[in-house]
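Here is a short briefing on one protein model. Keep the structure open while reading.

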Amino acid sequence: MTKTNLSTKQENTWCPGCTNFLILEAVKKALSKTIEKGTKQEEIAMVTGIGCHAKIFDYLNISGIYGLHGRVLPTALGIKLGNPNLTVLGFAGDGDTYAEGMAHFIHAGRYNSDMTLIVHNNQAFSLTTGQATPVSQEHYVNKAEPLGEFNHPLNPIKLALCSGASFVARCNAKDIEHTSQIIEKAIEHNGFSFVEIIQNCLIFNKEMNELDNLFYKIENKENKKTELKEAIKLSDKWDYNSNTEKIPIGIFYSQEKPTLEEKWPQLSKLKNKKISWKDLKNN
Ligand SMILES: Cc1ncc(C[n+]2csc(CCOP(=O)(O)OP(=O)(O)O)c2C)c(N)n1
Ligand code: SF4
Ligand SMILES: [Mg+2]
């Protein structure tokens, strides 16, 4: 299986130079590795929200559901409940996940279903012309707020850690190699994996596009018993408000714990037999 099998012939309508192209490339690289290691392409399912990020649905040759804004996680969970043996990926925006989809984000950590959520974070509702999201910086002037955003951004990495997510990572869209390695590990992780990719939007919230020199890679925490407290402390290094503070990227936390599919007897039965509900009656 090669990377080209993951491409489609759909016309691409992202702005020329948009960092979503880089995210798409990193995802293809990671999925190529996942497929090389034995997962069949047809065993991978994806869900997207609505937004610039969500157009990835048209450009990635993976089955799934082009979903509703804010509802990536419940849709992904539905797929997982339908067949717990699928590798399920969610692609969502920062507006999508941290505004309308916020309740799902918190509970996804608690449930620990074995799936991967990739958030394309450009700190704006870009498709709808750049309104502030819950992670936009204070004073961000946009069409909906001519006096600027009044609120301080929330910190999704910290929130995911506090919600019980068992794999938490942040990447820089411009570092394709690092991002693809992290996505590959997130997919391999048995449990809910949250990967936030910081990306530039070339049209809206350009004030937050000067972060390149601020990113630094943290020590890889996989295969180690990572202390939650230590990860939370690290998550506090950047508050999403500053474009001068250093920004840690990499795996903040990775811990094995029982997944939803393992806790739920019927689902664990399907997992153990590597079948879906429709095959159950014959087994
Ligand atoms: C249920 C619902 N709520 C709101 C919208 C309007 N809407 C569509 S795209 C969008 C902004 C998307 O922003 P984000 O999730 O950050 O993605 P980006 O465009 O920045 O990639 C909004 C608010 C919608 N289509 N459906
Ligand atoms: S508006 Fe921004 S996020 Fe959307 S395609 Fe253009 S550059 Fe990319
Ligand atoms: Mg956005």
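Valine 195 touches Thr116, Ile118, Ala169, Cys171, Ile182, Ile183 and Ala186, leaving aside residues up to four places away in sequence. The model is a predicted one.

**Strand 6 and its partners**
- Strand 6 spans residues 193-198, and six of its six residues are buried.
- Both faces of strand 6 are covered. Ser193, Val195 and Ile197 are buried on one side, and Phe194, Glu196 and Ile198 are buried on the other.
- Strand 5 (residues 167-172) pairs with strand 6 in the parallel sense, over six bridges. Cysteine 171 stands opposite isoleucine 197 in strand 6.
- Strand 4 also pairs with strand 6 in the parallel sense, over six bridges. Here isoleucine 118 stands opposite valine 195.

- Eight strands make up an open sheet with mixed pairing, in the order 2-1-3-4-6-5-8-7.
- Strand 2 (63-66) and strand 7 (215-217) are the edge strands, each pairing on one side only.
- Neighbouring strands of this sheet are turned by 20° against each other on average, direction ignored.

**The nonpolar core**
- The largest nonpolar core has 64 residues. Those with the most contacts inside it are Val168, Ala169, Ile183, Val195 and Phe252.
- Helix 1 (residues 20-36) gives the most to this core, with six residues.
- In soluble globular proteins, nonpolar side chains tend to be buried together.

**Helix 5**
- Which residues of helix 5 (residues 102-111) are buried? They are His104, Phe105, Ala108, Gly109 and Tyr111.
- These residues lie on the same side of helix 5, because they cover an arc of only 165° around the axis.
- The face turned away from the buried side carries the exposed residues Ala103 and Arg110.
- The cover over the buried residues of helix 5 includes helix 3 (72-82), helix 4 (94-100), strand 4 (115-121), helix 6 (156-163) and helix 9 (260-263).
- Just after helix 5, asparagine 112 takes a positive phi of about 55°.

**Helix 3**
- Helix 3 lies across strand 1 (44-48), strand 2, strand 3 (87-93) and strand 4. It runs at about 170° to strand 3.
- Proline 74 lies in helix 3. Is proline 74 buried or partly exposed? It is partly exposed, because 17 other C-beta atoms lie within 10 Å, where a buried residue needs 20 or more.
- Proline 74 and valine 47 are 27 residues apart along the chain, and their C-alpha atoms are separated by 9.7 Å.

**Overall build**
- The protein has 11 helices and eight strands.
- Its radius of gyration is 18 Å, close to the 19 Å that the globule rule gives for 283 residues, so the protein is as compact as a globular protein of that length.
- Along its principal axes, the C-alpha trace spans about 65 × 45 × 30 Å.
- Buried residues make up 48% of the 283 residues.
- Among contacts between residues at least 6 apart in sequence, 72% join residues at least 24 apart.

Notes:
Residues numbered from 1 in each chain as written. Chains lettered and ligands numbered in written order. Predicted model: local features only at pLDDT ≥ 70, side-chain atom pairs only at ≥ 80, totals over all residues. Core = buried A, V, L, I, M, F, W, Y, C linked by C-beta atoms within 7 Å. Buried ≥ 20, exposed ≤ 12 C-beta atoms within 10 Å, placed from the backbone. Helix = DSSP H or I, 4+ residues; strand = E, 2+ residues; numbered from the N terminus. Contact = placed C-beta atoms within 7 Å. Arc of directions from axis to C-beta. Pairing = 2+ DSSP bridges. Axes fitted to C-alpha atoms, helices over the stretch in contact; angles between N-to-C directions. Rg over C-alpha atoms; globule rule 2.2 N^0.38 Å.
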